[in-house]
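Visitor: Hello! I am new to reading protein structures. Could you walk me through this one with some questions and answers?

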Amino acid sequence: MAEYAILLYAPVLDHHEDDGGAARAEHEQHSEDLQHAGTMVAAFALEPHTMSTSIRGDVITDGPFLETKEVIAGFCIIEATDLDAALAIAKTNPICHQGGGVEVRPVEDWVIPTRHAHQH
Amino acid sequence: MLAAAASTARDLDVAEECAQEAFATAFEAWSRDGIPDNPGAWLSTVAKRRAVDVIRREVTLRTKLPLLVEHNVTVTDDDRGELIDTDSKDTMKDERLRLIFLCCHPALAPEAQMALTLRLVCGMSTEDIARLFLVSETTMGARLTRAKQKISTARIPLRMPSEAEMPDRLRAVLGVIYLLFTTGHTATTGTSLMRPELVDEAMHLTHVLQELMPDEREVRGLLALLLVTDARRSTRVGVDGELIRLDEQDRSQWDALAIARASDLVEEGLRATQPGRYVLQAAIALVHAQATTYDDTNWREIVRLYDVLLVSWPSPIVALNRAVAVSMVDGPAAALALVEELEIDVRLKDYHYVPAIKADLLRRLSRDDEALKESNRALELTRNDTEREFLAAQMRERASDV
């Protein structure tokens, strides 16, 4: 068993697509499916790239690190026996048919510390 | 050459598909679709290998990724309670096949697929492979090492693709073999046109694959394609290393036996409900090979075969090649209209055959100024010296006519 990161990329659009939350619903369903299958380790959906702030050296700038036509929209970590298995899972990510794509990269090392709820 | 082509390919901003097929199509189109009037005819005769460019541009579109299967099944399958065949001959066959599928895994770069296949399946030395791809031994060694590291770190498995995965994975293998073949026939950069050792290895690999997978029609299709293409080997290049157009090749020099053999293989392949890409490409090549003279070429049949090919392979390059055939049936104006529609496709952005074809069609329509502009564009995009010289010579000839 090995861990793979699936990086979700979406195209940078000039306009905001209003599909009534259909795309999001697909992602939520997909996430549930992976959890059910026991393959999901962790998953994160990121706020739009326009909300990003980047740091290079000492300089802080507005926006993503790289100026590209496609930007990272989210990522998840899955567990799979080999690359073929990981690719099979990655391929089913809804982003693939929503105009974006995925990158599958093996995880070298990982840690998810147990967090305790803060008490106020 | 390959390293240069690969770095060139990285600049291409295109959607990607199975590069090997596109490569194959381009190759076939230019070796069989002779365009009668001067400038265009060269297109049909040159085995163009923008393989690596096309591979880069084609690879991501294609991926239909395999389903989860059991990993490295060894002797028994507990769920099924069966004993997997341990007959040594079958085991060896399986091992060879698994190795071929591993070397040709889509997660590896095309140049890595080719190098690994030559190294691990054909047993060629790193030095020899380096020489064939016109890079230093160190470079090729590094390439092989990186590929093996990727296999290990990303855990690319050594396994037979499942039934569901097989069509795409087999196509990848056939693509690698075809890429080796066409690399041997033309270099996209560099000065010479042919490297016979690569051609021979490709033929050998196809025979091995046919032995290991006797029921696969597409393997026979590839074999047919290689046979018919290689049948014309001696007539493609002249004494001074210049390209000879399809309509000028001495057909008596074509290997009739190879063509006949290819014909048998294709005939059987065409009986399938939807014939595979290699079977169809071979069929198209055979229409050319079996025409006694260039003028006897059955272009209608070629268009019909392209129509069938486009059903399972809706690639803009296939459509482009079809347009060339259409020009022979319905005239250059009809074909030009098709090409102008197609060239909008971002995947054809740097494809030098687009302006080259347009130049020929425009010339046939006596729109010479526009034709010249397109020829210049094609020249800029062409990377193979022999082809470039051919194109340049054509343009000089035309300029002196004016």
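Predicted model: local features only at pLDDT ≥ 70, side-chain atom pairs only at ≥ 80, totals over all residues.

Visitor: Is A:Ala86 buried or exposed?

Guide: Let us look at the surroundings of this residue. Apart from residues up to four places away in sequence, A:Ala86 touches A:Tyr4, A:Ile78, A:Ala80 and A:Val104. Within 10 Å there are 27 other C-beta atoms, and 20 or more are needed for the label, so A:Ala86 is buried.

Visitor: What share of the residues in chain B is buried?

Guide: Start with chain A, where buried residues make up 19% of the 120 residues. Chain B has 19 helices and 2 strands. Among the 402 residues of chain B, the buried share is 50%.

Visitor: Which residues is B:Val228 in contact with, leaving aside neighbours within four places in sequence?

Guide: With its sequence neighbours set aside, B:Val228 is in contact with B:Ala258, B:Ile259, B:Ala262, B:Ala282, B:Ala285, B:Leu286 and B:Ala289.

Visitor: Are H15(B) and H17(B) roughly parallel or roughly perpendicular?

Guide: Two packed helices are described by the angle between their axes and the distance between the axes. Helix H15 of chain B (residues 316-330) and helix H17 of chain B (residues 353-364) have axes 11 Å apart, at an angle of about 10°. Angles under 35 degrees count as roughly parallel. Therefore the answer for H15(B) and H17(B) is roughly parallel.

Visitor: How many residues of the contact of H15(B) with H17(B) are nonpolar?

Guide: From H15(B) come B:Leu320, B:Val324 and B:Ser327, and they meet B:Tyr353, B:Val354, B:Ile357 and B:Leu361 in H17(B). The contact of H15(B) with H17(B) has no charged residues and 1 polar one, while the number of nonpolar residues is 6.

Visitor: Why are the buried residues of H16(B) said to be on the same side?

Guide: In helix H16 of chain B (residues 332-342), B:Pro332, B:Ala335, B:Leu336 and B:Val339 are buried. They are on the same side of H16(B) because they cover an arc around the axis of only 100°.

Visitor: Which helices do the buried residues of H16(B) pack against?

Guide: On the other side of H16(B), B:Ala333 and B:Glu341 are exposed. The buried residues of H16(B) pack against H15 and H17 of chain B.

Visitor: At roughly what angle do the axes of H6 and H8 of chain B cross?

Guide: In H6(B), B:Glu111, B:Ala112, B:Ala115, B:Leu116 and B:Arg119 meet B:Met140, B:Arg143, B:Leu144 and B:Ala147 in H8(B). These contact residues divide into 6 nonpolar, no polar and 3 charged. The axes of helix H6 (residues 110-121) and helix H8 (residues 137-153) of chain B come within 9 Å, and they cross at roughly 95°.

Visitor: Is B:Arg155 buried or exposed?

Guide: B:Arg155 lies in the loop between H8 and H9 of chain B, and although it is not a glycine, its phi is positive, about 60°. It has 20 C-beta neighbours inside 10 Å, so B:Arg155 counts as buried.

Visitor: And is B:Ser366 buried or exposed?

Guide: B:Ser366 is in the loop between H17 and helix H18 (368-381) of chain B. B:Ser366 also has a positive phi of about 60° without being a glycine. With 8 other C-beta atoms within 10 Å, B:Ser366 is exposed.

Technical notes: Residues numbered from 1 in each chain as written. Chains lettered and ligands numbered in written order. Axes fitted to C-alpha atoms, helices over the stretch in contact; angles between N-to-C directions. Helix = DSSP H or I, 4+ residues; strand = E, 2+ residues; numbered from the N terminus. Parallel < 35°, antiparallel > 145°, perpendicular 65-115°, else oblique. Contact = placed C-beta atoms within 7 Å. Nonpolar A, V, L, I, M, F, W, Y, C, P; charged D, E, K, R; others polar. Buried ≥ 20, exposed ≤ 12 C-beta atoms within 10 Å, placed from the backbone. Arc of directions from axis to C-beta.
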